[in-house]
Amino acid sequence: MRLQQLAHPRHDYSYAFLDEFAKRELRRRILKAIAIPGYQVPYASRELPMARGWGTGGLQVTLAAVGPTDTVKVIDQGADDSVNAANLRRFIARMAGVQTTTDTLAATIIQSRHRIPEERLREGQLLVLQVPVPEPLTHVEPSVTRARQMHADADYALIWLELHEQLVRYRTFTGGADYPVVVYGRYLMAPSPIPRWDTPMLHQAAHLTLLSAGREKRLYAVPPYTDVRPIEFEDVHFQVESQAGRVCAQTGAVNRFMNEVPQPDGSSRYILSDTGYAAKLVRRTQGEVVEIGATYYDEQGRFYHTEFLHHDD
Amino acid sequence: MMTRPGLDHPRLVREVPLLQARGLCRRYGAITAIDGVDVSVYRGEVLGIVGESGSGKSTVLRLLNLEEPADAGTYYLDLPGYADQNLFTMDRYYRRQIQIRHIGIVYQNPYLGLRMRHTSSGNVAERLIMAGERNFATLRQAARGALSASEFPLERMDDLPIRLSGGMQQRVQLARALALRPMLLLLDEPTTGLDVSVQALVLDTLARIQRELQIATVIVSHDLGVIRALADRVMVMRHGRVIEHGLTDQILEDPQEAYTQQLVYAKL
């Protein structure tokens, strides 16, 4: 028997683009991140045929986790059809030979930029979030060294001081997307720039969430069924963006996260931000039999973990 | 055991000092800032430290505030649970807890003690937030209480310290230092740089708070007037050493060392 017969046939690329050493490193980092919920694990962010800051962090995690039997969905701010999402999806499909989908229920891996789908993810699904700034303390503590020491001591007073200042000056929390959360009662975490509407979806979720910043070379995780609490005061609570009075112009859906579409006359229309979900609603109204999963928020805007959100406005 | 109130030892003999620091040394490269300084302060007592610029006064205060490590020496605070632990060799985390809960400091330069881009009330509330308070109404109330105790005009409590006068900035620092009712208050030239009338008002506030809270205080100043007004006991420092030490009246009326004599008579 000759060595050539034992070896794999030569390929221009290894499976899923990254070489095996890179994938092994990433998988080990991912395991560490899952073992320490919310802790930022450094990793050697590899070169990809894509510029840093365009989702390379999420892409590397997806490539390390993907296998031939997976089904991949890629979204960019809720949309499956944006240029970035389409390119990433095509690249993953070409390099890993996987099925792609726009249906949240059919996907096993969902790579996302700045949104979590409206339909509840289930056990066994993997959500990969692309992260621009992994350090939640950046705005209050510019020194990376000091910020890491603060994480080590679980000393997050500065971020609560920031909340205090917002309340004193503006009488409300002014944080928008990327609202800091405390994971498992220990680490402060930047949930990537998902809107506040999506932040509660990480709490006691059935699925695994991996967050990865390619440019900053950090990845972290929210394991399934882990407590994720947005920072708030005991007497002044975190609020999600109100979607009251907004009706999707395409589907008639209410109490979902909406994109505002300005009209020529100065008014606004709203359409669902989650295009995969919107497409399914449209197909159902056209008479097709479509399986639509349970959503995180019901038609009245109540979150599925009752008691988690306080409505004290 | 029988207690005979009439025959008890005096309080200063019975009591353990709140603060006991022995043999403090601190070098910055080739410069020896302080060399073998002993400090002890009893509860409710005010210790004054005087001396010329560069004599090591502020370094002593920085060591007592646990801001810097000492090159040699021991530092004990008689606090429940920590009484027999040298704070210099303690874990960084617990050292910080003690600094937050039990030590308050007012700097000469308000930029060192205050966050200039945060509101004054936020500066005071920060101490409570650091100690774990997460109730906004409680924070507001505590900030209001501490600021009014240091005689700060409450209608300006949400202004930025950068827009306040020097005297008001010192009052915010004082409110911040006292927000958690610390055991030990450190004052680093608290009235230097204020004009004389404001200085008198701030001194009044300091004296009143000291009287009311009976808090152990260390005050550093090169102004003997301030020391005379506040301190019970005085340490005179020169070239990083304590050269004379005694009751305020004794030192200021009958100085023994040549340097102290110079200092006292230069003032008069």
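## Buried cysteines

A:Cys248 has 3% relative accessibility, so this residue counts as buried (under 20% relative accessible area; exposed is over 50%, partly exposed in between, with a 1.4 Å probe and protein chains only). B:Cys25 is also buried, at 11%. Over all chains the count of disulfides is zero (a disulfide is a pair of cysteine sulfur atoms within 2.5 Å).

## About the model

This is a predicted model, in which local features need pLDDT of at least 70 and side-chain atom pairs count only at pLDDT 80 or more, while totals for chains, interfaces and linings use all residues. Residues are numbered from 1 along each chain as its sequence is written, chains are lettered from A and ligands numbered from 1 in the order in which they are written, and side-chain values use heavy atoms, leaving out hydrogens and water.

## An enclosed helix in chain A

Helix H3 of chain A covers residues 56-65 (helices are DSSP runs of H or I with at least four residues, strands runs of E with at least two, numbered from the N terminus). Nine of its 10 residues are buried, so the rest of the structure largely encloses this helix. Among them are A:Leu59, A:Val61 and A:Leu63. The buried residues of H3(A) pack against helices H2 (20-35) and H4 (83-96) of chain A. They also pack against strands of chain A, including S4 (109-113) and S5 (126-130).

## Where the chains meet

The contact takes 17 residues from chain A and 21 residues from chain B (contact means heavy atoms within 4.5 Å). B:Arg92, B:Arg134 and B:Phe136 lose the most area on the chain B side, together 38% of what that side buries (buried area is the accessible area, 1.4 Å probe, that two parts lose on being put together, summed over both). The area buried between the chains is about 1,800 Å². Carbon and sulfur atoms give 59% of that area.

## Salt bridges

The structure holds 33 salt bridges over all chains (a side-chain nitrogen of Lys or Arg within 4 Å of a carboxyl oxygen of Asp or Glu). A:Asp153 and B:Arg92 form one, at 2.7 Å from N to O. A:Asp153 lies in helix H5 of chain A and B:Arg92 in helix H3 of chain B, so the pair joins two chains. A:Asp153 is buried, at 13%. B:Arg92 is partly exposed, at 36%. A:Asp155 forms a salt bridge with B:Arg96, their closest N and O atoms 3.0 Å apart.

Within chain B, B:Arg171 pairs with B:Glu151 at 3.8 Å. B:Arg171 lies in helix H7 and B:Glu151 in the loop between H6 and H7, so the pair ties together parts 20 residues apart in sequence.
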